[in-house]
Amino acid sequence: MNRTPGPIGIFDSGYGGLTILHGIRQLLPEYDYIYLGDNARAPYGSRSFEVVYQFTRQAVLKLFERGCHLVILGCNTASAKALRSIQERVLPEIGSDRRVLGIIRPTVEVLGDLTQSRHVGVLATEGTIRSNSYSLEVAKFHPDIKVSGVACPLWAAIVEANEADSPGADYFVKKRIDQLLRKDPLIDTIILGCTHYPLLMNSIVRHVPPGVRIVPQGQYVAESLNSYLQRHNEIDRLCTKGGTCQYLTTESEDKFRESAQIFLHESVNVKHVDLD
């Protein structure tokens with residue numbers, strides 16, 4: 001069993017997890033991080049449960065190889081379709097000093113304090129909506145809350161094309177928000193269930209009624225991780241604290257640098273890795 005401390009791993013199928021990484025680094029800047037984007041095989045949203053599991057497993061094992069003891073699946077699709085299988089099938093083979101956490105539960109846990117009407121909406125990828133992961137998690141923690149979801153298949157592509165502030169983006173954002181509110185007009189809280197969607201926030205805010213709260217995930221995932229590390233000193237001791245961040249991608253390095261600029265507004269150094 002390798003007990004040498006290492007960085008915290010953040011995995012996403014694409015670039016949206018950079019919004020999760022940013023939120024975590026804002027709150028916990030002292031830790032070291034490795035971000036791994038499986039950009040060559042993104043998006044995961046329409047892929048089957050087994051394919052998402054296999055891809056996520058490869059990424060998690062790669063981060064373990066790089067010295068991580070704690071990996072965050074900064075991807076709603078991977079959290080919805082692969083997290084439980086990773087925890088039940090992979091971790092028992094690896095050892096007790098490894099942990100893999102998702103981003104759906106931290107978002108769900110705070111809902112009870114956010115919604116007054118007890119009607120919540122979810123805007124997410126097709127895969128996340130089809131998995132019913134948010135509905136199932138909400139039912140565990142807040143059985144009195146009604147959840148309605150709408151898939152937004154073009155939103156992530158719009159963000160990655162750097163078109164978040166375009167008239168076309170505004171049209172598609174309005175279309176899906178209107179669809180969600182037709183399903184349940186009593187919704188007073190909307191979860192952005194894809195890590196790309198915070199970059200559409202300007203358009204989203206324009207098209208939700210006054211008083212409807214928008215819930216991006218980065219802040220809540222960061223707060224949940226901070227609490228987790230405080231409660232699990234044995235894992236915290238295995239996380240190095242040098243304030244560094246490495247970036248890995250399965251795509252071209254130049255493409256990653258260009259796209260990361262959209263999400264982080266800063267230049268990053270990145271290395272190519274293979275997962276399969």
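Which residues does Leu229 touch, not counting those up to four places away in sequence?

Modeller: Keep in mind that this is a predicted model. Setting aside residues up to four places away in sequence, Leu229 touches Ile8, Leu28, Tyr31, Leu70, Ile235, Asp236 and Cys239. Leu229 also belongs to the largest nonpolar core, a set of 52 residues, where Leu18, Leu123, Leu229 and Tyr247 touch the most other members. There's a second, separate core too, with 25 residues, among them Leu36, Tyr53, Cys68 and Val90. As a rule, nonpolar side chains in soluble globular proteins tend to be buried together.

Now follow Leu18 from that list into helix α1, which runs over residues 17-27. Gly17, Leu18, Thr19, Ile20, Leu21, Gly23 and Ile24 are the buried ones there. Their cover includes the strands β1 (8-12), β2 (33-37) and β9 (245-249), along with the helices α12 (218-231) and α14 (253-264).

Zooming out, the chain has 14 helices and 10 strands, and 54% of its 276 residues are buried. If you take contacts with a separation of 6 or more, 79% of them join residues 24 or more positions apart. Along the principal axes, the C-alpha atoms fill a box of roughly 55 × 40 × 35 Å.

Key: Residues numbered from 1 in each chain as written. Predicted model: local features only at pLDDT ≥ 70, side-chain atom pairs only at ≥ 80, totals over all residues. Heavy atoms only, no water. Buried < 20%, exposed > 50% of the residue type's maximum accessible area, 1.4 Å probe, protein only. Helix = DSSP H or I, 4+ residues; strand = E, 2+ residues; numbered from the N terminus. Contact = heavy atoms within 4.5 Å. Core = buried A, V, L, I, M, F, W, Y, C linked by side-chain atoms within 4.5 Å.
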